[in-house]
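Open the model in a viewer and keep the selection panel at hand. The stops below go from one selection to the next.

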Amino acid sequence: MSENTVTASHRRLTIRVLRYNPREPGSEPRIQEYPLEEGDGMTLFIALNEIREKQDPSLVFDFVCRAGICGSCAMLINGRPGLACRTQTKNLGPEIMLAPLPGFELIADLAVNTGKWMRGMSERLETWVHTREQEVDLTRLEERMDPELAEQIYELDRCIECGCCIAGCATAQMRPGFVGAVGLSKIARFRLDPRDARTDAEYYELVGDDNGVFGCMSLLGCQDVCPKDLPLQARIAYVRRQMAKQGFTRG
Amino acid sequence: MKVIYSDVLVIGGGLAGLRVAIGARQRGLDPIILSLVPPKRSHSAAAQGGMQASLANVTRGIGDNEDVHFADTVRGSDWGADQEVVRMFVHAAPQAARELAAWGVPWSRVRPGDREIVANGQRVTITERAEAAGLIAQRDFGGTKKWRTCYVSDGTGHAMLSTMGDRAIAHAIPVHERKEALALVHDGSRCYGAVVRDLTTGELSAYVARATVVATGGAGRLYGVTTNAVICEGMGHALALETGVAPLGNMEAVQFHPTAIVPTGILVTEGCRGDGGLLRDVDGHRFMPDYEPEKKELASRDVVSRRMEEHIRKGKGVKGRFGTHLWLDITLLGRQHIEHNLREVKEICEYFLGIDPAEQWIPVRPAQHYTMGGVRTNHTGESPWLKGLFAAGEAACWDMHGFNRLGGNSVAETVVAGMIVSEFVADFCQRPENRVDVPMGLVDDFVRREQGKLDLLLEGRGSESADALRSAMLHVMTEKVGIFRTGADLAAGVEELQGLLVRSRHIGLRHKAPGANLELVVAYRTQKMLKLALATAYGALQRTESRGAHFREDYPQRDDRQWLSRTLAFWRGEDDTLPTLEYEPLDIKRMELPPGWRGYGAKDYIDHPDTAKRAAEVERVRNEMAGADRFAVQQALMPWEGMLPPRFRGRNERVGEGRA
Ligand SMILES: Cc1cc2nc3c(=O)[nH]c(=O)nc-3n(C[C@H](O)[C@H](O)[C@H](O)COP(=O)(O)OP(=O)(O)OC[C@H]3O[C@@H](n4cnc5c(N)ncnc54)[C@H](O)[C@@H]3O)c2cc1C
């Protein structure tokens with residue numbers, strides 16, 4: 001293992017941040033530049049915290065798990081949506097441009113309100129299992145499920161609602177009401193789940209329009225940037241076929 | 001002054017808070033949830049490994065039930081747990097797992113037939129039963145006799161939280177995100193809600209409620225290297241402590257997880273070892289069997305972490321670029337297994353270490369992981385010192401973990417406590433005498449006081465740096481209040497922390513914006529965290545024994561004679577620099593499982609004079625009732641059923657056993 005060798009010289013990085021705090025009087029969008037010496041294993045989480053601590057206490061950003069699990073720190077990294085906490089600076093050039101994720105309400109600098117957007121989407125698409133029975137007797141054996149199916153559901157359940165797919169989607173940027181890959185993959189997830197009693201006709205009511213599955217232009221932007229590598233395109237295409245059938249039977 | 005009313009104010013939108021709010025809603029109440037972050041970003045999402053519930057569906061779980069789960073949990077706690085609460089918990093845990101199944105959690109399921117597993121470094125074939133096909137599967141975890149940990153691949157917490165979060169939305173429960181509770185409103189005997197800061201605008205408002213529930217998670221960020229999220233700063237612990245009347249229990253009980261990656265402290269799940277992964281040293285030698293011949297890598301966390309540090313002290317650590325570490329080897333599990341069941345682990349290895357865990361060993365070292373200490377409550381989840389204040393989840397000391405919690409028992413606690421405590425909260429709210437008139441003058445005073453503190457930070461003439469004080473605190477906690485503790489280090493640590501606390505009263509800020517201002521947040525949280533750090537360090541200094549995760553090199557034995565008690569830390573005066581400690585004895589005469597050897601770790605301990613008597617009594621009851629069903633025996637030893645809300649009392653069915 002080459003671990004024992006201490007890297008002698010570190011790169012000088014220039015981190016540029018698009019800054020703006022809509023609630024601060026006099027604040028205007030501007031690009032601010034921060035020079036920084038790169039450290040071993042440095043991530044953007046480490047870099048931004050160091051900048052805030054040592055250079056500029058006014059810088060605002062969001063980190064929670066710092067392990068690529070919670071989805072809080074999505075931002076544009078050199079123009080591309082991604083999770084800052086698990087982006088290593090060594091994989092980027094010496095000049096790094098950071099901007100807030102587009103498509104969401106700006107809180108300040110790199111922090112955006114993805115929570116509000118996601119809650120709105122969830123309410124609209126009713127992203128919960130619509131159970132058949134009101135009360136389940138919890139002391140009885142649970143309902144059985146095919147192990148493969150459980151895995152397939154989990155595959156779509158891995159979404160962390162980070163918002164990258166919205167930022168990477170042309171439709172979402174043009175049409176604020178579009179539920180995006182995050183919303184459509186959730187529909188795919190619940191449709192797959194036998195515990196959910198909803199029918200295709202009901203799903204059609206939720207996503208059978210241009211703000212739903214027919215708004216997708218299949219440009220693959222979402223899948224390219226999804227940090228969890230969800231099979232978004234295949235799932236959206238599948239939902240679209242099912243919804244098209246629905247639309248067809250409705251005439 | 002903005003005042004927001006609700007029946008139940010739930011502070012925290014993790015698994016525990018969400019489940020409490022849902023329970024309250026199901027009982028017809030109006031809850032409001034406050035959260036620093038969108039609920040699904042709470043740290044519950046990070047739990048990879050799984051949730052313990054004695055469903056006994058898999059072959060290696062056959063024979064598991066509440067009794068076995070109870071004994072594992074009490075042993076794990078090193079007899080620090082409240083055994084009645086543990087009973088309530090183990091009984092309701094299967095119901096909580098099944099409730100989540102009904103709500104949509106895609107639990108991994110039993111595949112009938114033969115499969116190959118890795119156990120003790122060997123490949124062996126086990127056969128899953130046909131009659132269990134499609135039921136919730138369990139995996140092996142440390143400190144358990146049976147395979148009991150239900151899981152969703154290695155994204156258990158994420159899947160649970162996402163389902164729970166959506167359930168709260170289905171119930172139209174309002175979640176006020178990016179809001180931080182700064183102080184509880186109380187008059188010394190009754191809690192009326194909280195003063196809350198909007199993290200975007202900086203505005204303060206009062207949230208007034210009949211019942212207030214602290215479900216704010218852990219305090220891992222008291223330490224320099226922790227697996228916890230950056231928001232796990234113990235702010236709910238501080239809410240209770242700063243009332244001056246509601247104490248924290250067992251703050252010195254801090255769990256260190258064996259396998260955090262070096263240097264970031266990001267966790268790789270215990271599931272890695274549960275599934276057959278091994279720990280190796282600088283020579284590639286598998287060292288755990290040398291220390292723990294019985295449980296090996298799967299002894300409880302406190303034991304494995306200490307053994308690892310012990311081994312490093314013997315010079316067997318690997319000196320890496322980022323410091324000394326040991327190796328976690330999961331290569332023997334095979335790529336197929338890693339890519340299916342340990343995907344998060346694989347991602348973490350790729351992104352944060354740049355390695356492929358199917359080919360390379362993972363550099364690991366123990367790091368702070370879990371806060372056993374918390375807001376001390378009784379079995380209903382209420383603080384006996386402050387009426388109307390409840391706590392649940394990691395922020396609570398309910399107390400089912402004692403001095404060491406078992407892997408998988410924590411997410412289980414969040415949902416089980418959520419179920420149980422929400423019933424008691426609803427009972428509380430529905431009792432007519434608890435519909436009190438809120439003293440608005442008091443509310444106003446509290447809001448002004450909090451505003452005053454913030455103004456002092458923003459406009460005062462302090463010159464201390466919040467960041468510098470924070471790093472100094474992290475250093476003290478890591479160096480002096482860590483895995484191995486001594487009286488001398490702890491005393492020095494306490495003194496240093498006291499100095500930092502005094503200095504923290506003179507913090508000055510460079511950035512004066514009242515709204516989104518991370519420096520301001522660091523400042524006021526550091527002031528509170530120093531009090532928690534002192535409660536931890538001072539509690540550790542006073543406790544001259546070793547129990548569970550609390551290990552004193554100068555007092556290596558567990559001392560039941562003097563220390564079979566729970567530490568209570570009060571912060572009585574605002575200007576104090578030390579907590580006031582009191583102790584709550586644990587009554588051996590009522591224990592179903594009297595103190596003994598845990599089955600791993602050190603075998604020598606100092607017995608309490610009551611232990612032998614109680615052990616004989618338990619033995620006698622068991623003999624007299626030989627042949628009686630296990631429920632009858634259990635009830636004769638330690639009745640607890642009356643404590644559980646009636647709706648959870650039914651007997652749990654298991655495949656092939658019915659409700660026996
Ligand atoms: C990396 C990791 C892996 C783990 N794996 C497992 C596992 O496999 N099995 C297991 O059983 N346990 C595991 N645990 C432990 C377990 O995940 C946690 O103990 C549990 O999820 C805590 O849940 P909670 O609801 O109590 O708190 P959290 O999920 O931490 O939620 C706390 C909530 O409180 C809010 N909050 C905090 N302070 C305030 C405030 N002042 N005002 C308003 N809101 C506030 C936060 O925004 C958040 O919503 C793991 C822990 C870690 C760190």
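Which residues of helix H1 (residues 44-54) of chain A are buried? In this predicted model, they are Leu44(A), Phe45(A), Ala47(A), Leu48(A), Ile51(A) and Arg52(A). Show what lies over them: the cover includes strands E1 (12-19), E2 (30-37), E3 (74-77) and E5 (95-99) of chain A, together with helices H13 (466-480) and H15 (518-542) of chain B.

Next, colour by chain and look at the interface. Here 79 residues of chain A are in contact with 89 residues of chain B. The area buried between the two chains is about 6700 Å², and carbon and sulfur atoms give 51% of this area. Between chain A and chain B, 43 residue pairs are in polar contact. Salt bridges across the interface number 15. Select Arg140(A) and Glu653(B), whose side chains form a salt bridge (2.9 Å, N to O). On the side of chain A that touches chain B, the largest share, eight residues, comes from H3(A).

Move to Thr200(B), in the loop between strand E10 (191-198) and strand E11 (204-214) of chain B. Thr200(B) is buried, at 13% relative accessible area. Beyond its neighbours within four places in sequence, Thr200(B) is in contact with Arg23(A) and Ile107(A), and also with Arg178(B), Gly515(B) and Ala516(B).

Finish with the nonpolar cores. Select Leu98(A), Met51(B) and Trp107(B), the residues with the most contacts inside the largest core, which has 182 residues. Helix H11 (residues 409-430) of chain B gives the most to this core, 13 residues. A second, separate core has 80 residues, including Val375(B), Leu454(B), Phe484(B) and Tyr538(B).

Technical notes: Residues are numbered from 1 along each chain as its sequence is written. Chains are lettered from A and ligands numbered from 1 in the order in which they are written. This is a predicted model: local features need pLDDT of at least 70, side-chain atom pairs count only at pLDDT 80 or more; totals for chains, interfaces and linings use all residues. Side-chain values use heavy atoms; hydrogens and water are left out. A nonpolar core is a set of buried Ala, Val, Leu, Ile, Met, Phe, Trp, Tyr and Cys residues joined through side-chain atoms within 4.5 Å. Buried means under 20% relative accessible area, exposed over 50%, partly exposed in between (1.4 Å probe, protein chains only). Helices (H or I, at least four residues) and strands (E, at least two) are DSSP runs, numbered from the N terminus. Contact means heavy atoms within 4.5 Å. Buried area is the accessible area (1.4 Å probe) that two parts lose on being put together, summed over both. A salt bridge is a side-chain nitrogen of Lys or Arg within 4 Å of a carboxyl oxygen of Asp or Glu. A polar contact is a pair of N or O atoms within 3.5 Å; within protein, one must be able to donate a hydrogen and the other to accept it, and residues adjacent in sequence count only if both atoms are side-chain atoms.
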